[in-house]
Amino acid sequence: MKMAGFAWVFLSLLCLRTPVVVSTEARNVLFVVADDLRTSLGCYGDTVAKSPNIDQLASKSQVFLNAYAQQAVCAPSRTSMLTSRRPDTTRLYDFKSYWRQHSGNYTTLPQHFKSKGYYTMSVGKVFHPGIASNYTDDYPYSWSIPAYHPASFRFEKKKMCKGEDGQLHANLLCAVNVSEQPGGTLPDLESTDEAVKLLKSRASDGAPFFLAVGYHKPHIPFRIPQEYLSLYPLAEMTLALDPDVPKLLPPVAYNPWTDVREREDVQKLNVSFPYGPIPKDFQLQIRQHYYAAVSYMDAQVGRLLSALDALGLTDSTMVVFASDHGWSLGEHGEWAKYSNFDVATRVPLIMFVPGVTAAHSQPGESTFPFIDVLSQPAYSFTNARIIQNMVELVDVFPTVSYMAGLPALEHCPDVSLQVELCTEGRNLAHTFQHKERWINAELIAFSQYPRPADSPQNNSDLPDLKDIKVMGYSLRNGDYRYTLWLGFNPRSFQVNVSDVHGGELYMLADDPGQDNNIYSDLDHSMVKKKMAGLPHDASLWTRMKLQLYYYTARLKTNTWKV
């Protein structure tokens, strides 16, 4: 007998919460997070990127090919990932509140390890600094010692980039001679040095450790060592495959990349607001500098991993590599993050678990020898294990803690503002034990992004909480991306499901770049009738899942148009 549609979907949701049992042992954790890194890595199939050290890590790890951030901007995404709560629970959509005071006293990933006897340390940008982490990077809750920030970061937004006129400017494109920079260094170089020192200090200590290292690149400005540009000759760079704003993109969905526009070299281009476009020759330079920044960051990861090897810690340390969100490189006529498209929400997520994803090293064998891409351009690696099903950054906390040997987290109740320790993600431990056999269409990644108005304006990319009028909620499964832009009340944190400001539906088999929005072609009356029968307290995500289910069922029978 066939199961009714509603029951089938709800049962599927319950099945996703079923706990799994995986044999684990106590492990140290090296948690590495990059800033604004999309999946522009060799191990994710990008043929332009030169990322040998991360690719080498991937060759001995489990690589999640379809991992998604919950909001494509730094503070909300990092807070969500490190608390395993979605932005609607942390209530952080901008940079201007601290979740413990603004929402709930939620336990963080490093705090959980600290409570279990781990020595926890933070280097660089892990939490978003400032108000969003109480000006302390959540110390002493999350860390055993105060977080370290590189001294040279204070110059990051100052006039440090030598222009064609020989003067210093606050440019977007900022490849530099490191020896001419203050202190003869850059933030990520300093962070790696500090992280290696901390590893050395823990190597002879019996207590387990959790070391988080946050790299600033490839975040703008592209203040990077100039030699990395040589890896990407400008003559060999290409434009985005879909550089134009999609004709049927709702105006509310577009991000006008105001942070890019504010850089001096971009201002000189006199690009029109909000849609541009940036001149093609400058687009190529942006793409060149972004990729060069990725290779520079990759080298720092390589230094860190080779130090782990040299100290004899690799066989006892789980390594996690992730990013907070992606970054548009001209796709859809957009730059930066601030959207719900894949280029902004999809992130690398790589997990090395010694003895699980790779065998323990032999005496004298190096697991992660440093690869200097500037002098060793030829290398080849194959990913050890891949997962193609949808996963989310809220899955990181329950998965990492469990795979490191800590007890499994409970799933959060529907309302969890008063619950300190729980997860709104999934424990992915079973993916390390069982080979992936199929793509499960019921596994969906959720993202969201706020807007202050229906049309692009100066604060569209990063509106303050009080200015948010619309929230774009987006679902991504293996076949579709479905987004609704709904009315939102920033005082009550309530969304009005009947106040639709725009919609997007992309069929990924024929439209992998998400350029052909078919939402306006759909018959919405049928779905509205179906939604009217839902319980009043049905969650937004449940409503949208069911809407997607009904839309796509009609698509498959060709009865979907008005």
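Lys125 and Asp35 meet side chain to side chain in a salt bridge, with N and O 2.8 Å apart. A salt bridge here is a side-chain nitrogen of Lys or Arg within 4 Å of a carboxyl oxygen of Asp or Glu. This pair links distant parts of the chain, 90 residues apart. Lys125 sits in the loop between strand S3 (119–124) and strand S4 (161–162). Asp35 sits in the loop between strand S1 (28–34) and helix H2 (52–58). Helices (H or I, at least four residues) and strands (E, at least two) are DSSP runs, numbered from the N terminus.

The model is predicted: local features need pLDDT of at least 70, side-chain atom pairs count only at pLDDT 80 or more, and totals for chains, interfaces and linings use all residues. Residues are numbered from 1 along each chain as its sequence is written, and side-chain values use heavy atoms, with hydrogens and water left out.

Are Lys125 and Asp35 buried or exposed? Lys125 is buried, at 6% relative accessible area. Asp35 is buried too, at 1%. Buried means under 20% relative accessible area, exposed over 50%, and partly exposed in between (1.4 Å probe, protein chains only).

By the salt-bridge rule, the count comes to 17. Two further pairs follow.

| Salt bridge | Closest N and O atoms |
|---|---|
| Glu392 and Arg86 | 2.8 Å |
| Arg481 and Asp342 | 2.8 Å |

Take Glu392 and Arg86. Glu392 lies in strand S14 (residues 391–392). Arg86 lies in the loop between helix H3 (74–83) and helix H4 (87–90). The pair therefore ties together parts that are 306 residues apart in sequence. Glu392 counts as buried, at 5% relative accessibility. Arg86 is buried, with a relative accessible area of 12%.

Now Arg481 and Asp342. Here too, distant parts of the chain are linked, 139 residues apart. Arg481 belongs to strand S17 (residues 480–489), and Asp342 belongs to helix H11 (residues 342–345). Arg481 is buried at 1% relative accessible area. Asp342 counts as buried at 12%.

Some salt bridges share partners. Through them, Asp35, Arg78, Lys125 and Asp324 join into one network.

H15 covers residues 540–556, which is 17 residues. The expected span of a helix is 1.5 Å times one less than its number of residues. For H15 that gives 24 Å, and its end C-alpha atoms are 24 Å apart, so the two agree. How many of the 17 residues of H15 are buried? The count is 13, so H15 is largely enclosed by the rest of the structure.
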